[in-house]
Amino acid sequence: MEEKYRIIYANLKKGRFIDMRCIDKCYKTIKKMEMKGEVQIFLDERESLVKQ
């Protein structure tokens with residue numbers, strides 16, 4: 001079973017905030033969307049764990 005990480009982001013196309021716990025595949029998709037400018041990430045639990 002894969003580890004789930006919390007991520008909060010805004011979908012700029014739909015104008016909605018999304019707060020979810022996701023696995024690696026979903027996380028990678030959201031990061032790709034951020035690079036394209038489709039979403040803006042506000043909280044990334046995975047990055048905060050790396051910084052500690």
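## A tour by selection

Start at Lys31: its relative accessibility is 24%, so Lys31 counts as partly exposed. The scale here is relative accessible area with a 1.4 Å probe, protein chains only: buried is under 20%, exposed is over 50%, and partly exposed is in between. Before going on, note that this is a predicted model, in which local features need pLDDT of at least 70 and side-chain atom pairs count only at pLDDT 80 or more, while totals for chains, interfaces and linings use all residues. Residues are numbered from 1 along each chain as its sequence is written, and side-chain values use heavy atoms, leaving out hydrogens and water.

**Stop 1**

A salt bridge here is a side-chain nitrogen of Lys or Arg within 4 Å of a carboxyl oxygen of Asp or Glu. Both residues sit in helix 1, three residues apart, about one turn of the helix. Glu34 is partly exposed, at 30% relative accessibility.

**Stop 2: the whole chain**

Zoom out and color by secondary structure. The chain has two helices and three strands, in the order β-β-α-β-α from the N terminus. These are DSSP runs numbered from the N terminus: helices are H or I with at least four residues, strands are E with at least two. Of the 52 residues, 25% count as buried. The accessible surface is about 4,200 Å², and carbon and sulfur atoms hold 53% of that. Areas come from the Shrake-Rupley method with a 1.4 Å probe; for residues, only the protein chains shown count as cover.

**Stop 3**

Select Arg6 and Asp19: their closest N and O atoms are 2.8 Å apart, in a salt bridge. Arg6 is in strand 1 and Asp19 in strand 2, so the pair ties together parts 13 residues apart in sequence. Arg6 is partly exposed at 31%, and Asp19 is partly exposed at 47%.

Next, pick Arg46 and Asp24. Their salt bridge has its closest N and O atoms 2.0 Å apart. This pair links distant parts of the chain: Arg46 is in helix 2 (residues 45-51) and Asp24 in helix 1, 22 residues apart. Asp24 is partly exposed, with 28% relative accessible area.

**Stop 3: the core**

Select Ile7, Tyr9, Ile18, Cys22, Tyr27, Ile30, Val39 and Ile41: these eight residues form the largest nonpolar core. Strand 1 (5-11), strand 2, helix 1 (24-36) and strand 3 (39-44) each give two or more residues to this core. Such a core is a set of buried Ala, Val, Leu, Ile, Met, Phe, Trp, Tyr and Cys residues joined through side-chain atoms within 4.5 Å.

Stay on Cys22. It is buried, at 3% relative accessibility. Leaving aside residues up to four places away in sequence, Cys22 touches Glu3, Lys4, Tyr5, Ile7 and Tyr27; contact means heavy atoms within 4.5 Å.

**Stop 4: the cysteine pair**

A disulfide is a pair of cysteine sulfur atoms within 2.5 Å. By this rule the count is zero. Cys26 is partly exposed, at 24%.

**Stop 5: a surface patch**

Finish on Phe17, Phe42 and Leu43. They form a nonpolar patch on the surface, with about 320 Å² of accessible area together. Patch residues have over 30% relative accessible area and no salt bridge; like charges are joined within 9 Å, and nonpolar side chains (Val, Leu, Ile, Met, Phe, Trp, Tyr) within 5 Å. Phe17 lies in strand 2 (residues 16-22) and is exposed, at 61%.
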